[in-house]
Every structure is written in structure tokens, then in C-alpha cells.
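Here is a short briefing for a first look. Keep the sequence and the model side by side as you read.

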Amino acid sequence: RELLRRRLVAISAVHGWEARSGRKTFLGGIAPGALIESLRSEVAELDAAAELASKAEVLLELRQARAALEALSEEREQAADDLAALRDEHFEVRDLLGRQGDELEKLRTLVRAAQPTGDASAGAAAGGASGEAEAASAALPGAAGAAPFQAVLSREDLPGGRRCVEALARLKLPDEASMAPRELACWHENKRTIENSLKTLSGQIYSARARIVYEIIQNADDCSYDAESGEPPQLHIECSDEALCSWHNERGFQPKDLYAMCQVGESSKPAGSGKIGRKGIGFKSVFQISDAPMLVSPPFQFCFDTVARGIFGYIVPSWVDAPADFVPPRLRPLLCGLVGGAGSGGAVGRTGTLLVCPFAPSAERNLLRGLQFDGLALAFLKNLKQIRLVSTGGGGSAQSSSGGAAAGGRGGGEESRPDGPSSHEYRVERATVSEEIEPMAGGFGGVLKGIGVRSHTLCTCTIIESAQSASGAVRETRKHFRLHSYSVLKYKADADRAGAAAAAATTTVCLAFPVGSDQTPRRSDEGELVFAYLPVTAAGFGFAIQADFELVASRQDVSEHSGNHVLLGRIPGLFVHAVLSDPALGEDAFPCYLPDLTAIRKDRSGGGRKWCTLASALHRATESFMTVRTEDDDRVRRRHAVLRPRHLSCALVPNGVLKAVSDKSFAHADAEVDLVGCLEACPVGVVLDCLRKVFQEIEEAQPERTAEALPQAWRYLSAEYAAAREQRQGAAGQNEEEGGALGAIVEALVGGTDPSSPPPLRIFPVRGSSTLRLHSEHGAPLCWGLSPSLTQHGASLLRLADRIVPQLDLERIRGACTADGGDVVDVDAVEALMRRLRVREATHAELEQQLKTCFRFGLAVTVEPDLWWDAYKYAESLGHARGLADFVDGAAVALPVSDSRVVSSRDVRRLSVSLPCLLGLRRKHSSSAKSTLALPPSAAATWGGLLRWELAMATAFGVTFPQADAE
């Protein structure tokens with residue numbers, strides 16, 4: 001006792017307590033009430049401090065986890081960059097090894113050809129010209145007897161041209177009558193093999209017949225032109241109902257060109273020659289539309305007749321004595337200008353090559369209308385300065401181009417109409433803005449590290465289209481581009497080369513960015529194409545890419561050649577440098593040109609994985625340089641910016657709330673259009689955390705915001721649920737019950753099974769209540785309405801169910817949303833979400849579960865007497881003799897008393913709870929009665945009802961009229 005007193009004295013001294021009682025108790029004069037109250041205050045403060053300490057510990061753990069995640073993210077990005085670099089080096093080494101292997105094989109061929117044999121030694125000793133011809137013949141790939149095809153013929157040497165054609169025909173189809181039996185058997189076997197190969201080739205290349213025109217343009221651009229002739233290199237293509245014809249003013253055919261045209265896979269345009277086509281199969285595309293294409297280029301005039309020679313007509317030429325029989329009447333003057341006509345004295349006229357492809361019976365006639373030709377290709381062609389396309393078939397439409405052309409292409413060509421021809425003329429204007437010999441020394445040269453850029457040229461490029469309608473009206477449109485040309489090393493190992501070796505080791509990569517007439521960045525509506533001098537494919541990028549890509553045989557996509565991967569791996573760095581170094585573009589232009597990753601992943605028509613890889617690399621390359629304007633008018637790095645979901649209101653979740661729950665910020669609305677392909681929408685999980693914070697603030701301090709925030713929240717939730725469900729159903733093999741956005745929404749509304757998961761959203765409006773509730777409180781779920789099984793059991797049960805069962809207030813959501821002035825919530829989407837949450841019509845089971853919750857002491861704050869009495873009678877009808885006392889499974893029942901409070905059924909004696917009447921007679925109580933049960937109006941309507949209520953209260957809860965007053 002003394003020890004306790006001393007301790008209490010010390011405590012009182014420390015805390016400043018005073019002895020308020022004059023009596024000298026065993027506590028040494030300290031008032032016990034003051035001591036207990038002070039101790040309770042201390043404990044309460046300690047509890048609050050412990051709670052704050054717990055929250056601080058959780059926040060600290062979250063910050064540490066976030067820091068660890070950021071570090072892992074940086075490590076992942078660095079690993080991705082390292083992997084991309086290693087992949088580029090792998091492709092570069094593989095391509096270099098392949099090229100070195102090709103060079104080694106060529107050297108071996110030359111060595112074998114230079115080794116003297118017995119006959120060759122004799123010929124060499126003789127020193128005749130035939131020995132030199134045979135050496136030249138040996139140098140020609142695969143041509144044992146091709147010496148005549150190394151000669152150079154003049155344009156007037158028509159007999160020499162005929163001899164070359166006939167010699168090549170004999171070389172391709174030898175005389176079987178002069179063969180020995182064994183040689184004949186070998187020839188027949190090889191002949192079948194060649195026929196099968198040619199049939200396979202004819203059926204597989206060029207699935208799009210309009211690509212035939214591309215091949216004609218490509219071959220014309222690869223030709224040699226006479227710079228002193230005074231005429232610009234030009235190409236004329238005309239499509240009529242009879243034939244597809246083309247003419248270009250090149251220097252003319254030579255025997256080696258004839259020999260290469262009759263091969264498959266052997267071209268006279270080796271790699272590194274600067275030629276667009278070099279696969280040796282491009283000309284074969286004309287056999288899709290013609291059975292006997294004819295070519296006139298003095299001193300040659302021949303055709304490839306597949307009708308007379310069968311499949312061998314692909315590679316065996318036939319001399320044509322009367323080429324005018326093949327040429328449509330409109331083009332016969334052009335033919336006369338080439339080979340000479342009446343009055344010319346047999347003299348050959350102007351230089352050039354005429355190709356005539358008479359249409360096969362089953363061929364498509366109007367090829368030019370199906371041509372998808374991008375006028376931007378004019379900036380990449382090497383020689384041609386003028387292209388003219390004319391269509392005289394199908395109503396006499398005419399389309400022409402000067403300096404480049406497109407018929408029915410992206411430039412806006414019109415379909416022909418019966419009332420007259422229409423024309424389109426395209427031309428290109430270029431102006432050099434700047435040239436850099438050592439661009440890595442510039443202000444943004446750091447982004448070019450490891451790419452090996454030798455020079456950089458910036459030009460402005462304008463594609464001009466003049467469209468003339470059938471009525472004669474002319475409309476001119478202009479497309480403007482900023483064209484960046486980079487001369488880059490093909491391999492890093494070539495960095496030390498100089499002079500001619502350095503020039504051979506470089507290639508040119510061009511990036512063309514669409515801009516407006518004022519040179520401001522402009523997003524391309526259709527996307528720009530990938531070029532290999534001519535359009536190749538649409539990959540979904542906002543800027544055009546031009547490089548010397550290796551293409552598949554059909555020229556309709558970039559191949560998987562290792563050299564292509566090397567070029568594609570350098571484009572991200574060039575892209576960043578071009579945008580940052582261009583004074584008309586700059587950092588803010590990135591969103592206009594970055595591709596939409598989601599769209600590229602969905603569209604597999606443009607080459608697949610390599611374009612997805614390039615698109616991802618472009619986005620990664622810009623993360624360190626691109627900043628985004630936020631809704632708070634500040635700027636953040638791209639990785640910290642997200643797009644606001646379409647159905648998420650700014651008033652509901654402002655940018656400050658997002659910043660409070662994450663490290664993200666909403667991009668400004670003015671920039672969202674350009675940022676769609678660059679940024680992702682805010683993840684559903686993060687938005688749910690924001691909603692949880694918003695509704696917590698509303699519940700604690702801003703209940704007046706409920707009417708505004710509730711419909712906005714449900715608008716977002718229902719829209720996101722509908723989108724996530726559609727996406728999940730569209731994914732093969734996916735189950736709707738699995739995670740992702742669907743799982744996050746359901747868990748946020750219902751609650752997760754993991755104890756560490758955040759609490760569910762208190763966001764459900766209930767009829768007849770201004771407050772919001774959880775999906776399921778105390779085991780009682782939310783209901784959509786009342787089932788017919790409840791409405792058929794009388795007015796009292798219906799009144800009870802309607803008041804007790806929490807029913808979703810859908811009209812409240814819809815009415816508030818309409819008044820809000822925003823998008824009306826999709827009621828069908830809300831219903832679908834509620835079905836997923838198992839919110840359904842209430843049956844007897846839901847009513848009974850809700851009764852156990854509503855009338856249990858501790859959960860019920862106030863109860864209407866009539867409602868309570870209806871519940872009691874319903875419990876009796878279920879077979880419970882003592883009504884609610886037995887129905888709530890042994891828990892204390894909340895009893896309504898006269899002052900609008902409830903008391904526990906276990907405290908009726910302690911609190912002196914009594915009835916307000918005795919045997920149906922209402923009398924006043926003496927002062928001994930502290931509380932009186934509230935009398936239900938429905939029970940007090942009749943004397944019998946009042947007696948029944950009295951008996952039930954006395955039997956079930958032991959509540960009676962006070963004994964003294966009763967006596």
C-alpha cells in the first residue's frame with residue numbers, strides 16, 4: 001500500500017496532478033476519479049500515437065517498395081537497351097560474315113576461272129581474241145557460252161541484236177536432235193526441274209497486280225541516261241483496253257542486259273551499285289497480265305512468248321520482225337521515233353526503251369486505278385525526274401504526273417468517269433536547309449553515339465498535286481515534309497575506312513516528317529509508309545522511313561535479312577536526333593510522329609514483329625528527352641505522365657489526387673490528341689485508389705459532394721468494366737474471372753480475399769437513404785429490387801422488405817448524371833456490372849439475412865416501432881416462438897424505446913425498461929422506470945393488437961409494466 005502511494009505521488013508530480021479530495025484516502029489524497037480519467041487520457045493519446053506510428057511505418061515501407069520498383073524499372077530499361085544493342089551487333093556481325101562469305105565465293109570462282117586447262121592453255125598460247133572472249137565469258141555467272149553477250153552493240157546494229165537474241169534462245173533451249181541419248185535424258189530431267197521452278201515463281205510473286213507498275217518504275221529508274229541529251233529522265237506509262245505500255249528515254253539495251261533479263265535470280269545490278277532492283281525477277285511480274293510482253297530498244301526488238309514456248313517463254317526471247325503489230329495505235333508514233341519509220345531511211349531515232357504488254361484474256365485491265373503510289377517516293381528515286389501515267393481504258397480517264405505520279409493512290413487520285421477524262425499531276429520541290437559533315441559534334445550529337453553517322457542533310461520537300469476534273473476545274477494541294485538524310489556506316493568495323501572504301505561502306509537513311517504549310521509539325525491521318533526508294537508497306541508510323549532495305553521477292557515487305565535489322569536498329573537514334581536538331585520540330589513534336597503501340601500490335605498486316613520492335617524502340621529512345629504538359633500546367637517526364645480515361649471526370653479525380661496516390665500526372669487535355677500513341681491511359685488500379693481516397697474524403701468532410709461524385713464514379717466504373725469485358729472476351733482462351741482490369745474493378749467494389757488488400761469502395765446508393773454503403777455490410781448484400789416471391793405475401797411483408805432490404809437507387813444515379821450535364825451513364829453497362837457483382841433481386845433469404853443485421857444491437861442505431869413489429873411478426877411466421885429473440889441466433893436484439901433510441905434486450909432489467917401500458921390500458925409511470933418501449937402505431941390501433949404486443953414483449957424479453965404502478 002505504501003509502495004503504491006509513493007508511486008502515485010511520483011506520477012502525480014510528473015503529470016501535475018493535484019489532490020482534489022480533502023479526505024486522506026489510501027491514495028494519499030489523490031482523487032481516484034481524476035487518476036482514472038488521466039490514465040484513460042494517457043492511454044488514448046498513446047493509442048493515437050501508436051496508430052500514427054503504424055501508418056508511418058506502412059508509408060515508409062511503401063516508399064521503400066516504390067524506390068525499389070523504380071530501381072528495378074531503371075534496371076529493366078537499361079537491360080532492354082543493352083539487349084537491343086547486343087541484338088544489333090549480332091545482326092551486324094551476321095550480315096558482315098554473310099557478305100564476306102559472298103566475296104570469298106566470288107574470289108574462288110575467279111581463281112577457278114583463271115586456272116589454265118589443256119584447251120585453254122593452247123588458246124592462251126595462240127594469243128587469239130577468242131581466248132579473251134572466253135575469259136570474259138567465264139567471268140559471267142552461270143554462262144559457259146555467253147561470250148556474245150559481253151559485246152557492246154551500236155543502236156543501228158539490228159542484225160547484231162537479232163544474232164544475240166537467237167543465240168540466247170539456242171542457249172536456253174538446245175537442239176534435242178543433236179544430243180546423245182544420255183545427254184538427252186539429263187536435259188529432260190533438268191527441263192522438268194526448270195519448268196516446275198518457273199511455275200512456282202509465276203504463281204507466288206506479286207500478289208498485288210498493281211505492283212507491276214512499281215517494277216516498271218523501278219527498272220526505269222535503274223537505267224542509264226544521257227545527261228547531254230537535254231531531256232530529263234522520264235517515264236511514260238499508258239494503260240489501255242489492249243495493253244500496258246511504258247517508254248523511258250534511257251541510253252538503250254545491251255547484250256548483257258538481255259542476258260540478265262532472261263535469267264532468274266541473276267541481275268546486272270549488284271549490291272552496292274546504287275540500283276533499286278537487283279533480285280533478277282522483277283521483270284517476271286509482267287507475266288501476270290501478259291502472255292507475250294514485247295520490248296523494243298534498238299538494236300533489240302523481241303518478246304517472251306509463253307503461248308508458243310510454254311513456261312519457257314519466261315526466259316527464252318523470240319525476235320520480233322514487225323513490232324508495230326504489238327503496239328496500240330496511240331503509241332505507234334513513239335515506236336516510229338525509236339526504230340524509224342516511213343521516210344526515215346531506216347535510221348534509228350531517239351534513244352529509249354519501249355515495253356508493250358498485251359493483256360491476257362483473264363488479266364485485269366485498269367491497273368493504274370489500283371496503284372497505291374505515294375508521291376513522297378519522288379524524293380527518293382535516283383534518276384527519274386518525270387513520270388507520266390495515262391489511262392485510256394474504261395471511259396477514257398487520264399492521269400498524269402510530272403516529276404512523279406500516283407494514280408488512284410494516296411495522293412488523292414479520282415476514279416474515271418464516263419463524261420470525260422480527269423488528270424492528276426504531281427511534282428516535287430526540294431530546298432536544302434543545312435548540311436553537317438560531322439553531326440556528332442553538334443548540340444544533339446550524343447544521341448548518335450554508336451550509329452556511325454558521317455553526314456546529315458536537312459531539306460524541305462513539297463509534294464504538289466494538281467488535280468483537273470472532267471469539267472476542267474483545277475485543284476492544287478501541297479504536302480510538306482522535313483526531310484532528314486543521314487549517311488551512316490553499314491558496319492561499325494568500317495569506321496576507319498577512308499576515300500572510296502568509306503563511300504562503299506556507307507548507306508543513306510532518310511526520315512521524312514510531315515509538316516504544315518507553316519512548317520509546324522502535323523500528325524499524318526493515314527500514317528506514312530516505309531520506302532525502299534519505292535513504297536513498300538504501311539507500318540503505322542507517323543513519319544516516312546527510306547533506306548536501302550533488302551525486300552522479299554514480291555517487294556511488298558522488308559525481309560528478315562540481318563542487314564535490315566542493322567538499319568532498323570539505328571532508326572530510333574536518328575529519329576531522336578532529327579526531331580531535336582530540326583528548328584521547326586523540337587521536343588514538342590515527338591507526340592506527332594511516335595507510333596501507336598496498341599494499333600501496331602493489333603495490326604499484323606505490315607510485317608509483324610520487326611515493326612513492333614522498332615515502335616517500342618522509338619518510344620524507349622524518347623523517354624529521356626520528351627516531357628509532357630500536365631493538367632497543372634507543369635511538365636513531367638514522359639514516364640510519369642498518363643492519359644485521363646475518357647469517362648473519368650476532372651471534377652471527380654483532379655490531378656492532385658492522382659499525384660497523391662502515385663507518381664503519375666494526367667496529361668493536359670490540349671495535348672491528349674497528339675499523345676494518344678505515346679502515353680497509356682491511367683491504369684484501372686491507380687484510378688480505383690484515387691476513387692477510394694475521394695470517397696473517403698467525401699464521407700469524412702464533404703458529404704455535400706455525394707450527389708455530384710456518385711454518377712461520375714459509376715460512369716467510369718461501368719465504362720471500364722464494359723471495355724475490359726469486351727477485351728477479355730475477344731482474347732482467345734481467356735476467362736472473365738481472371739485478373740486484370742475486371743478483377744481490379746470487382747475487388748474494389750466487393751472486397752479482396754487477401755487481408756492486406758485495401759477496403760472496398762463505399763459507393764453504392766440505396767433507396768431511401770442519403771448515405772452510401774458497401775456492397776455487403778455485416779453479411780447483408782445489396783439488392784437490385786424485390787422478387788415477386790416477396791410481393792405476393794401481403795402488404796406488411798412488402799412494407800418490411802421495402803424498408804429493410806437495401807436496394808440500389810439506379811434512378812438516383814441516372815437522374816444526377818443527367819443533371820450533371822456530362823455523358824449519361826450507360827444503364828445497360830451498370831446492370832451488367834451489377835450482375836457480375838451478384839447484385840440481384842431480393843428473395844426471402846436476403847430478407848432474413850438483412851433482418852439479422854438491422855435489428856441486432858450494436859448495428860442498429862434507431863428503429864421505427866412499426867418496422868420493428870413487422871419484423872417480429874415475420875420472425876414468428878417463420879416458426880420462432882419468441883420472434884426476433886430467437887431469430888438473431890442468440891445475439892442481443894435492439895429494442896426501440898420512446899425517446900427514439902434503442903436498448904439491448906440484455907439490459908432491460910439494468911436499465912429498468914418497461915411497457916407503456918398494462919392489459920391495453922396506458923398509464924403514467926413512477927420515477928422508477930427509466931425507459932419505456934416505443935409502442936407501434938399499428939399494434940395500438942386495436943385493443944387486441946395491443947394485448948398481443950404486450951404479451952410478446954413480456955414473453956420474449958421479460959419487459960413488463962412496473963410492479964408498483966401495476967398494483
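Accessible areas here come from the Shrake-Rupley method with a 1.4 Å probe. By that method the protein exposes about 47,400 Å². Carbon and sulfur atoms supply 52% of that area. The model is predicted.

**Overall make-up**

- The protein has 29 helices and 30 strands.
- Of its 967 residues, 45% are buried.
- Take the contacts in the protein with a separation of 6 or more: 65% of them join residues 24 or more positions apart.

- The buried set is R211, I212, V213, Y214, E215, I216, I217, Q218, A220 and D221.
- Which strands do the buried residues of α7 pack against? They pack against β1 (234–239), β2, β6 (353–358), β7 (386–391) and β13.
- Strand β2 spans residues 243–248, and H248 lies in it.
- H248 counts as buried because its relative accessible area is 9%, and the cut-off for buried is under 20%.
- Beyond its neighbours within four places in sequence, H248 contacts A220, C223, Y225, Q234, L235, G352 and T353.
- One of these partners, A220, is also among the buried residues of α7.

**Helix α24**

- Helix α24 runs over residues 827–836 and is mostly covered, with seven of its 10 residues buried.
- Those buried residues are V827, A829, V830, A832, L833, M834 and R836.
- R838 follows α24 and has a positive phi, near 65°.

**A helix pair: α12 and α15**

- Two packed helices are described by the angle between their axes and the distance between the axes.
- For helix α12 (residues 562–581) and helix α15 (residues 609–622), the axes come within 9 Å and cross at roughly 35°.
- The crossing of α12 and α15 is right-handed.
- On the α12 side, the contact is made by L568, I571, P572, F575 and V576.
- On the α15 side, K610, W611, L614, A617, L618, A621 and T622 take part.
- By class, the contact of α12 with α15 has 10 nonpolar residues, one polar residue and one charged residue.
- An α-helix has 3.6 residues a turn, so residues three or four places apart point the same way.

- S487 lies in strand β10.
- S487 is buried, with a relative accessible area of 16%.
- Leaving out neighbours within four places in sequence, S487 is in contact with G452, V453, R454, S455, T506 and T507.
- Y491 sits in the loop between β10 (474–489) and α11 (499–504).
- Is Y491 buried or exposed? Y491 counts as buried, at 5% relative accessibility.
- Y491 and I451 are 40 residues apart along the chain, and their C-alpha atoms are separated by 8.9 Å.

**Backbone features**

- Where is P299 found? P299 is in the loop between β3 (294–297) and β4 (300–303).
- A cis peptide bond joins P298 and P299, with omega about 15°.
- Q519 is not a glycine, yet its phi is positive, about 65°.
- Q519 lies in the loop between β11 (506–515) and β12 (528–532).
- Q519 is partly exposed, with a relative accessible area of 21%.
- Y533 is not a glycine either, and its phi is positive, about 75°.
- Y533 lies in the loop between β12 and β13 (534–541).
- Y533 is buried, at 9% relative accessibility.

**Cysteines**

- How many disulfides are there? The count comes to zero, taking a disulfide as a pair of cysteine sulfur atoms within 2.5 Å.
- C592 is buried, with a relative accessible area of 7%.
- C783 is buried as well, at 2% relative accessibility.

Terms used. Residues numbered from 1 in each chain as written. Predicted model: local features only at pLDDT ≥ 70, side-chain atom pairs only at ≥ 80, totals over all residues. Heavy atoms only, no water. Helix = DSSP H or I, 4+ residues; strand = E, 2+ residues; numbered from the N terminus. Buried < 20%, exposed > 50% of the residue type's maximum accessible area, 1.4 Å probe, protein only. Contact = heavy atoms within 4.5 Å. Axes fitted to C-alpha atoms, helices over the stretch in contact; angles between N-to-C directions. Left-handed = near helix turned anticlockwise from the far one by under 90°. Nonpolar A, V, L, I, M, F, W, Y, C, P; charged D, E, K, R; others polar.
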